[in-house]
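Here is a short tour of how this protein packs together inside. Have the viewer open as you read.

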Amino acid sequence: MNDEAQQISRWRAAFAELDAAPDPASCPSPETIWSAVRGELSPPQMETVVDHVAACAACAEDWRLAAEIQRQEEKAAAGPGKVIPGRFGQWRPLAAAAALAAGLLIAVGVYRVNQPVQEPTYREVQHAGIRSLLPEGQALSRDAAVLRWSPLAGAVSYDVQVSTEDLRTVATAKGQTATEYRLPQSALTGLPAGTRLLWQVDAVRADGTHETSPTFVTAVR
Amino acid sequence: MDYEQLHRDLVRAVDRVCPRWMSDRADDLVQVALMRVMEIQRKKEGTAEFSPFYLKKAAYSAMIDEIRRLRRRQEVSLEGGSDDEEEAVVYDPAAPTPDPERASAGRQVGRAIRDCLGRMVPPRRHAVTLNLQGHSVPEIGRLLGWTTKKAENLVYRGMSDLRGCLGTKGIQS
């Protein structure tokens, strides 16, 4: 690495050091940063976001995360050793997929417009895999808060993740062999009555593959 | 949607980009983000499937929300005390970067760079900011709607401005 490259590398590292945001309330939304990194904003919008990133170390980090995810996508799309020619060649797989996604969205939109309003159907109808075995609408008692689910054929263990609706982790358990999990009372301390818990089970098969359940919602008394 | 792949991609990104105290929590962060995405999907089920692109964006957004929450908590902890009841389940704030002095010096240079960027004319500022963010010259051109030649010129001049500005602050290259 020559001197200039080393200098830029040092500056990049210093620029990446986290510091307080000048005014966190003015930070662009994650969606805006995501769109900026993908070049989906208009030039004035893009300049506003880049100006903010220039001044805000936290948003600069958010930007780098989005850019890193995009790089991984491009790498995966290009495949090992593949070179895609042309200035915008690297965007072709994404563009094709985006066009496909846009087509699907339009098709779905047309389909939805032509459908009569109906009650949503829930995943129990659609998933042949793991189902919650808790009675629907019944809240859990704090001193006997047990989550139960249907076994999955071939599963050797289950990992369970429980969080509140504002996404605070309440409890996690790994390697459960039973198809139930008793929430520790301490995990429920401080949760107001009626709090809705989101929980999800990840079944692990002997060959190491996983199958993840839908997210179930259960209230606590 | 291949959630396992998405989980791996997001964890890898956090691991590569974020500071140690946060990357140590990458699994939790991503898990929370994916649970939110699954919840969105659950609510929509029976009506429409989201595209993988939309879900990836939603996962990123949920992850950034969580990261911002953690950053705010860290600021509060480092300021010395908080009434936050959640403090007990937060990451360990006593595990900062391995070399605090170096990190502090880095933050000082980082602040100086930001100050210098604020003094630059906008096109150079934009070019240098994206360059410091790790983007190549062609990428900068594409993002800002410039030709590669124009991007190269602005990065070169902007970097020269930055070098001069840092020099006046006693920060030698």
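The largest nonpolar core has 71 residues, a core being a set of buried Ala, Val, Leu, Ile, Met, Phe, Trp, Tyr and Cys residues joined through side-chain atoms within 4.5 Å. This is a predicted model, where local features need pLDDT of at least 70, side-chain atom pairs count only at pLDDT 80 or more, and totals for chains, interfaces and linings use all residues. Residues are numbered from 1 along each chain as its sequence is written, chains are lettered from A and ligands numbered from 1 in the order written, and side-chain values use heavy atoms, without hydrogens and water.

**The cores**
- Residues with the most contacts inside the largest core include W63(A), L65(A), Y60(B) and M63(B).
- Helix α4 (residues 52–78) of chain B contributes the most to this core, with nine residues; helices are DSSP runs of H or I, at least four residues, numbered from the N terminus.
- A second, separate core of 24 residues includes Y181(A) and W199(A).

**Around M22(B)**
- M22(B) counts as buried because its relative accessibility is 0%; buried means under 20% relative accessible area (1.4 Å probe, protein chains only).
- Setting aside residues up to four places away in sequence, M22(B) touches E61(A), V14(B), L29(B), I67(B) and R71(B), where contact means heavy atoms within 4.5 Å.

**Helix α1 of chain A**
- Q7(A), I8(A), W11(A), A14(A) and F15(A) are buried in α1(A).
- The buried residues of α1(A) fall within an arc of 125° seen down its axis, so they line one face of the helix; the arc is that of the directions from the helix axis to the C-beta atoms.

Notes: Buried means under 20% relative accessible area, exposed over 50%, partly exposed in between (1.4 Å probe, protein chains only). Helices (H or I, at least four residues) and strands (E, at least two) are DSSP runs, numbered from the N terminus.
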